[in-house]
Amino acid sequence: MTTETRDVVGCLVCGAGPVAALPRYARFRRVTSDCRPWYKDGKIAICGACGLVQAVIDRGFEDEARRIYDAYEVYHQSGGQEQRTFSSADGISSPRSERLLRGVQQALGLPERGRLLDVGCGNGNLLRSFGRLHPGWTLAGFEYDQRHRATIEGLPGVTRFHSGDLAAIDGSFDLVTLLHALEHFPDPVGQLRSIRSRLAPGGRILVQVPDHAHNPFDLVIADHCVHFSPATLATVMGRAGVGVTFQSRDLIPREITLVGQVRPDGQEGTVAPPDGPAAGTVTAALDWLAEILGQARALAARGPLGIFGTSIAGAWLGGELEASVAFFVDEDPDRVGRRFLGREILAPAAIPADARVLVPFPGPTAGAIAARHGALAPRLVLPPAWPPAAGHPHIPQEEPPPCER
Ligand SMILES: [Zn+2]
């Protein structure tokens, strides 16, 4: 693989470097984590020493991140309502944070009373779900700015709202949650050390981050500093002195969920060598994204093209394809009837007979969507297989790393 060094920036976790940006990545448009199309010319790199896939955090990245966060609007597609996730077993939807909390209930073993800090609380979706499930707890939220202060302080159970510097938070907590937060920090180990120092004895950390090996669209999110694998996430936790007591790639599809606890020996871990074929996985993921773009352009040339979904993948395709997208489709009743990127959001049943709708999700998710809407099958177009079959030129023929539990 050819690489070129554009910046002298060391690895965000192990300091080795400089890390070299992958040249072809700059040709892709990107998307913001609140689902808006974003510009090309991004830089991602893979650390040769520890295998961490990461953005190159130079001045350009910092400027972009500031612009993205200044305009940030969580779940604007549904007027602020939290995204619903669909169980592949029964097709029943529930708010994403509630599904997560129910799923980790056993791993967390929470008592009836305790103190929670939610880092990256946004407009309070996790705090709302947590308060419903654990009414005996006192809740606190942290966000980098004050925008949602009044909303957070008005939620049942919430006693404090913190903003600004994570290291300046006082008090101690029995559980600290970071849902889609850790990947936004350019110094994840330092932030986790601050959090560790606020944990009460026996306290837990619950982390959820995107799983780019299961969901290549994560790689084109412009404001993500780190693209974790189960192994690099465990390494980052270990460096901060947090041991992993539970880790899952299945609890919420396309996400890595982890529960950690301060290591009893009080030690901080060392950096493990690369955990497997990170470069091969990233190259294959970029190949897959390029294939989907080609597929979408070919479909648009033949007739009206719809895109299934109004989150990251939908925003990315909308930005790349611009006027070639005729409409979006979503199963979430909070989104149907609204507009996304200036296009109408239709319910699946309203897809016009002459249209084709691309379902831009990795294999199992796309297959489950097609199965839920069997009657529409001829109008729904599935993407190339992901993960690619063994034998793909960019997937080294090695066993994947074991998932640490
Ligand atoms: Zn590294």
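1. Overall figures. This is a predicted model. The protein chain holds 9 helices and 20 strands. It has 405 residues, and 54% of them count as buried. Its accessible surface comes to about 16,900 Å², with carbon and sulfur atoms accounting for 51% of that area. Among contacts with a separation of 6 or more, 64% are between residues 24 or more positions apart.

2. Helix H8. This helix covers residues 312–321, and because 10 of its 10 residues are buried, it is largely enclosed by the rest of the structure. The buried set consists of Ile312, Ala313, Gly314, Ala315, Trp316, Leu317, Gly318, Gly319, Glu320 and Leu321. Note that the charged residue Glu320 is in this set.

3. H8 against H7. Helix H7 spans residues 278–302 and packs on H8 at an angle of about 60 degrees, the two axes being 11 Å apart. At that angle H7 counts as oblique to H8. The crossing of H7 past H8 is right-handed. On the H7 side the contact uses Leu289, Ile292, Leu293, Ala296 and Arg297, and on the H8 side Trp316, Leu317, Glu320 and Leu321. By class, the contact residues of H7 and H8 are 7 nonpolar, no polar and 2 charged. An α-helix has 3.6 residues a turn, so residues three or four places apart point the same way.

4. The end of H8. What comes after this helix? H8 is followed by Glu322, whose phi is positive. The value is about 45 degrees, and Glu322 is not a glycine. Glu322 sits in the loop between H8 and strand S16, which covers residues 327–329. Its relative accessible area is 46%, so Glu322 is partly exposed, whereas Leu321 in H8 is buried.

5. H2 against H3. Helix H2 (residues 96–108) packs on helix H3 (residues 125–133) at an angle of about 50 degrees, with 8 Å between their axes. The two helices are therefore oblique to each other. H2 passes H3 in a right-handed crossing. H2 contributes Ser97, Glu98, Leu101 and Arg102 to the contact, and H3 contributes Asn125, Leu126, Ser129, Phe130, Arg132 and Leu133. These residues divide into 4 nonpolar, 3 polar and 3 charged. For reference, the contact of H7 with H8 has 7 nonpolar, no polar and 2 charged residues.

6. Ala65. Which helix holds this residue? Ala65 is in helix H1, residues 59–70. Ala65 has a relative accessible area of 11%, and a residue under 20% counts as buried, so Ala65 is buried. The C-alpha atoms of Ala65 and His224 lie 8.8 Å apart, although the two residues are separated by 159 positions in sequence.

7. His373. This residue lies in the loop between helix H9 (363–372) and strand S20 (380–381). Is His373 buried or exposed? With a relative accessible area of 17%, His373 is buried. Leaving aside residues up to four places away in sequence, His373 touches Phe308, Glu331, Pro348 and Leu380.

8. His180. Most residues other than glycine have a negative phi, and most peptide bonds are trans. His180 is not a glycine, yet its phi is positive at about 55 degrees. The residue is found in the loop between strand S10 (173–179) and helix H5 (188–196). A relative accessible area of 25% makes His180 partly exposed.

9. Cis peptide bonds. Gly17 and Pro18 are joined by a cis peptide bond, with omega about 5 degrees. Pro18 is found in the segment before strand S1 (30–31). Trp386 and Pro387 are also joined by a cis peptide bond, with omega about 0 degrees. Pro387 is in the segment after S20.

How values were computed
Residues are numbered from 1 along each chain as its sequence is written. This is a predicted model: local features need pLDDT of at least 70, side-chain atom pairs count only at pLDDT 80 or more; totals for chains, interfaces and linings use all residues. Side-chain values use heavy atoms; hydrogens and water are left out. Buried means under 20% relative accessible area, exposed over 50%, partly exposed in between (1.4 Å probe, protein chains only). Helices (H or I, at least four residues) and strands (E, at least two) are DSSP runs, numbered from the N terminus. Axes are lines fitted to C-alpha atoms, for helices over the stretch in contact, and angles run from 0 to 180 degrees between N-to-C directions. Angles under 35 degrees count as roughly parallel, over 145 as roughly antiparallel, 65 to 115 as roughly perpendicular and the rest as oblique. A crossing is left-handed if the near helix is turned anticlockwise from the far one by less than a right angle, and right-handed if clockwise. Contact means heavy atoms within 4.5 Å. Accessible areas come from the Shrake-Rupley method with a 1.4 Å probe; for residues, only the protein chains shown count as cover.
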